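Trainee: Please take a close look at one part of this model, the contact between two of its chains. I would like one connected account, with whatever else is needed to judge that part.

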Amino acid sequence: MSAGTRILVAIAGGFTLWALVFTAVYAGHATGCEIGWGLASGPGGIAPLRMVLVLIPLAGLGLTLAGLWLLRRGAGLAPRLATTAQLLTAAAAVATVYNFTFVAILPLCA
Amino acid sequence: MTKAPSGPEETVESLLPGADPAPAPAQPAAPGDGVTDPLALDAELRRIWATGPGWQRFAAVNHSVVGLRFMVTSLVFFTIGGILAMLIRVQLATPDSGFLEPGLYAQVFTMHGTVMMFLFAIPLFEGLAMYLLPKMLGARDMAFPRLSAYGYWCYLFGGTLLIVAMLAGAAPDSGWFMYTPLSSQPFSPGIGADVWLLGVTFVEISAISAAVEITVTILILRAPGMSMDRMPVFAWYMLTVAAMMLVGFPPLILGSILLEAERAFGLPFFDPLRGGDPLLWQHLFWLFGHPEVYIIFLPAAGALSTLIPVFAGRPLAGYRAVVAALVAMAFLSFGLWVHHMYTTGLPHLSLALFSAASTLVAVPTAVQIFAWIATLAQRRPKPDPKTRPGISVSMLHVFGFFFIFVMGGLTGVMLAIVPFDWQAHDTHFVVAHLHYVLIGGFLFPMLAAGYHWLPLISGRAHDGPAGRLGFWLVFAGFNGTFFLMHITGLMGMPRRVHAYDAESGWHWLNLISSVSSFVMAIGFAVIVIDLLLTLRFGRKAEPDPWQAATLEWAVPTLPPPPYNFAAFPRITGRADKLEPRKLAPVLARGEGYLGLARHGWMETPGVSVARGEPEQIVILPQQTYLPLWTGLATGAVFLSLLFKVYPLAIVAALVVVALFLRWPVGDHAAADQGELPAGEGAVLPLSSEAPVPPAIWALRVVAVADGALLASLVFGGLFLAIAAPGWPPPVWPELPVLPGVVAALALVVAWITSRMAARGDVLHGAPMLGAALAANLATLASVAWMIGALPPLQDHAAQAVLAAVMVWLGLHAFIGAVLAFNALRRLRTGHVSARRRIDIDLLRLWQAGLLPAGLVVLGFPTALKALALAALP
Amino acid sequence: MCPALLVSPLLLAGCEGLVAGPLSALDPAGPQARAVALLWWSMLAAAAVLFTLVMGLYLWALLRPEAAAKIPARRWIIFGGLVLPLPVLLPLGVIALVLGESILRTGDEPFRVTAHAQQWHWSFGYPGQPGAAETIDVLHIPAGRTVEVTVSSADVIHSFWVPRLGGKIDAIPGRETRILLTADDPGGYGGQCAEYCGTGHSFMAFEVIAHPEEGLAAALAGETPSAPQEPAE
């Protein structure tokens, strides 16, 4: 990985994951409701769509936290960039929690 | 070569052994033509870089000239937009006003929004960035000066098209966000909507060009040693903004193309009776439109992050937190667009997703605001008493920014709250909010920036009370106009009504707004007169008048010479902690990198992205009329589309392609030059012989925008399949299998042959290039076959969407063929060698990107069908 | 502006008179609109406090830097950027979700009507009321009962809005959207198209008339109401 790419990944990686989760949840929700996943009841009476919508952010959060762990020693970046990348990745993790917690709670398709 | 005076640790440091990337054997610093005397060097550099007089001004490509043209032109459009705003306020001053009839009023408010957004705000910051970035980063020009000029002509012609249409009474009239179906053919039968779609797309070409070259300039055209973490924070802002433009503008361009295709050819992308959906337009528009607000705010915030530290005499507090905040803001801003669509009946869960992101964006905003407050709090007196003017005019406008923008931010959080927005949406509350955000967050910072950089741009110092008077008039007038408008909106006044009842209770609020708006207009007039008087009669500005700490003030003269710097320093610390007053004379003497003039070349250093180590000598193009001709030909394409003379449009488009192929590369690329001395002991290749020249960077950056366009199209199609009424179509539009297979194979062949052509000794690559050309033509033919096999495109959006993705692929195969043809041609004329391989590398990169994208396109019909059939009836 | 609202959003009695009007969302006449109006006054009070705080700190730093400099930059940014906004945003977000849910749903069986928009008038239908004729630009509803309006459009996008009874919902061709409204008391309530829909947009108004239980059937049968409607207070 070139030094430039490394900077790009370190800085934009966390929020790129947030953006992917966002897109997946929004599109998945709309699609799931249209194809009926929001009605069917799966294990424990939970709609399959609900499980998908909860698992996607959890996966994103896991990857973001993994990224934060990789960045703990700066990942070979210049110190100021390393701090910036750590701040951004931590912020992305917080944003993921803040942004997607309620998909576990709100009514699905109405 | 003499040593630079070794200032404090953060300034230039010419010849520290070990700090030099290439401790090569001692080289003469200024070989070539051997100009060493500073005055002679200045004269020679001026001769090389100057824009010619008279008609040659139309050939200008210099970033200072083009940047100023952008700014001045945008101010002319601002005046036009302001006059339109005055007409609106006159109309609304009294109940049941008969000043404008409703049709004309609709044109006026549509054009006011369109002009202010597309013809004023975006071009103004583009011009400022174009003007400042090379000077701040340490470069002699932007990476693609001809592209700047071409972008300017596209902007000027597109903007003129809109204004001329308005004067002819054929302005668009569906509101600046052009909601379908009101903007569709049956409800807007005239030419007005076409003028908007084509004119704005024409202007968008300029925005995308600017984004490409801002990105590449920041990535590789910096002073040696300026690693990414040392960049002045304005460069981080503009890099982020450019990236946002690359992703945010394609959805609007796509939407405009689809809507124009619906209006002109009846392809029903937005028609609910034939499988289209008006909400598709809203998604595409706001997917552009909301990031757009931040695209406008962030350059202004970048200016604030630059000039507040100058006032405080301290570097920006929390540089890292600010960079993190602005990157976070850039991402979050793409998760807000549906907050313009809370009342469209989407499920509450969807709305909540966007509501959360919309409130979250307040956090990075607050981080920046408090970083600015912290910077002010750490302020210290300047050593030079002359630069302690108390609160400068610039800082007054910063006060205006704080007051107004904070309020706009607070109402923004309110509007992000779904139940409140159900009441406030589409009322004058929103009108008030958006003006608080845009005027507070863009106009006031830009005025602050204008007064701050006035001495740099004009060489004149600003004095006198008129600037303060102008500020207070605008500030008071603004709040008088828009503060009470929040109440007007909550009391029920919808947007875009041209008249209202006296019983509504809105009349006194509207009257105050209208009177105040004239106070604001007078304030702007005072500011304009103040600036004109300063330009004409102002005393000469002294160098670095504010004791700033960034490189743009280290130019040899104010205003700067067209070449900016006679030599480039080595940056060894943060580039916002420099001492321009010490640096300027050293650089003016030609001490540093590239302090020379040889062969009439326009040279500037190119560095590695991360560490800023010099890697290549970029040779920039001379002034030329080609951008003008290409701009005119592009204009001919748009005019032919507007007047529906389609054969002419195709001819004009081919002329555009031919002209682009003629954009010459200088003589230096006709033969191998080898590595050349670049000063400070560095020996570097020319960009034409460097492994990753600027053109390759440009293609990588364009690929981002192109990918965003394709992604918008693919998601748009899938959206219709699940959300639009009337899906699936009665008869599914099946595509023949054979041409799909041929196209896929041809994409693979073009990819392989382009790689083989680029391998080893490229001189024998002609057969491979020929094969790549043929493979691209095969893709094109297969695509044409598939489109031809579709049922009539007007009947249902399903086949229209399939045709649209196929057109995307065909267009890209065509460009691949053009690139292959170009590489063949350049191989024959001797412009390609084992060292000079840009033309082949461009093709290789193109095919490498087109292969996966093309496979997505070819797989799309299957995905669309599966989704359409799976969706519940 | 009314100073009382800066003290407490609950002391609104004096303010609402100033901002009353036939289309005023700040002069609510039903539970949905009242909840949003209360939300507005609360947010306004919080915003006024935050605005004063931020501007006060800014002016302090600008005018008294010797004092303000004692606070390190990091603390400014952490307190201002994180500690200040997050405790406001989190509860606000939760309130918004709860309020949104409560406005979108009703426990009782609502009175159902349809609103069909067309450039530039509204036609209202009463599917549950046999014999009730379509009405143009006048919507009859029962007072004190939740009404579900199903909104559609024949041509371009319009938006159905009765500010004193609740929020708005777009009328989008090809779709049906719905909104719940309630008028507490009998009376006439102004309605207006909120989305720009062409040159007749400004005058695409309508009136909602809430009838007492016994008057509704008569009104729907096309009879003149027994008594002239008093506008609600």
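Mentor: Between chain C and chain B there are 16 residue pairs in polar contact, counting pairs with both residues at pLDDT 80 or more. On the side of chain C that touches chain B, the elements giving two or more residues are α3 (31-63), α4 (65-68), α5 (73-83), α6 (86-104), β7 (168-171) and β9 (187-193) of chain C. The most comes from α3(C), with 16 residues. By class, that side of chain C has 55 nonpolar, 15 polar and seven charged residues.

The contact takes 77 residues from chain C and 79 residues from chain B. The two chains bury about 6,300 Å² between them, and 76% of that area is on carbon and sulfur atoms. The count of salt bridges between chain C and chain B is one. It joins the side chains of B:Asp277 and C:Arg175, with an N to O distance of 2.3 Å.

Confidence comes next. The model scores ipTM 0.97 and pTM 0.94. Chain C averages a pLDDT of 89, and 88% of its residues score at least 70. Where pLDDT is low, the predicted coordinates should not be read in detail.

Part of chain C also carries an annotation. An unreviewed UniProt entry lists residues 108-222 of chain C as "domain: Cytochrome oxidase subunit II copper A binding". In the model, residues 108-222 of chain C are 7% helix and 47% strand, and the end C-alpha atoms are 27 Å apart.

The contact of chain B with chain A can be set beside this one. Here 38 residues of chain B are in contact with 39 residues of chain A. Chain B and chain A bury about 3,200 Å² between them, 79% of it on carbon and sulfur atoms. Across the interface of chain B and chain A there are zero salt bridges, and five residue pairs are in polar contact, both residues at pLDDT 80 or more. On the side of chain B that touches chain A, two or more residues each come from α8 (319-332), α9 (348-360), α19 (694-723) and α23 (838-870) of chain B. The largest share, 10 residues, comes from α9(B). That side of chain B has 29 nonpolar, five polar and four charged residues.

For chain A, an unreviewed UniProt entry gives the annotation "transmembrane region" to residues 51-71 and 83-106. In the model, residues 51-71 of chain A are 95% helix and 0% strand, with the end C-alpha atoms 30 Å apart. Residues 83-106 of chain A are 75% helix and 0% strand, and their end C-alpha atoms lie 36 Å apart.

Some local features of chain B complete the account. Over all chains the structure holds 25 salt bridges. One of them joins B:Glu613 and B:Arg570, whose closest N and O atoms are 3.1 Å apart. This pair links distant parts of the chain, 43 residues apart: B:Glu613 is in the loop between β1 (602-607) and β2 (614-620) of chain B, and B:Arg570 is in the loop between α15 and α16 of chain B. B:Pro559 lies in that loop between α15 (507-537) and α16 (580-588) of chain B, and the peptide bond from B:Leu558 to B:Pro559 is cis, with omega near -10°. A cis bond also runs from B:Trp727 to B:Pro728, with omega near -10°; B:Pro728 lies in the loop between α19 and α20 (737-757) of chain B. B:Asp426 is not a glycine but has a positive phi of about 60°, and its place is the loop between α12 (418-424) and α13 (428-458) of chain B. Most residues other than glycine have a negative phi, and most peptide bonds are trans.

Terms used. Residues numbered from 1 in each chain as written. Chains lettered and ligands numbered in written order. Heavy atoms only, no water. Contact = heavy atoms within 4.5 Å. Buried area = accessible area lost by both parts, 1.4 Å probe. Salt bridge = Lys/Arg side-chain N within 4 Å of Asp/Glu carboxyl O. Polar contact = N/O pair within 3.5 Å; in protein donor to acceptor, adjacent residues only side chain to side chain. Helix = DSSP H or I, 4+ residues; strand = E, 2+ residues; numbered from the N terminus. Nonpolar A, V, L, I, M, F, W, Y, C, P; charged D, E, K, R; others polar. UniProt positions renumbered as here; feature names shortened; annotations may be inferred. pLDDT = per-residue confidence, 0-100.
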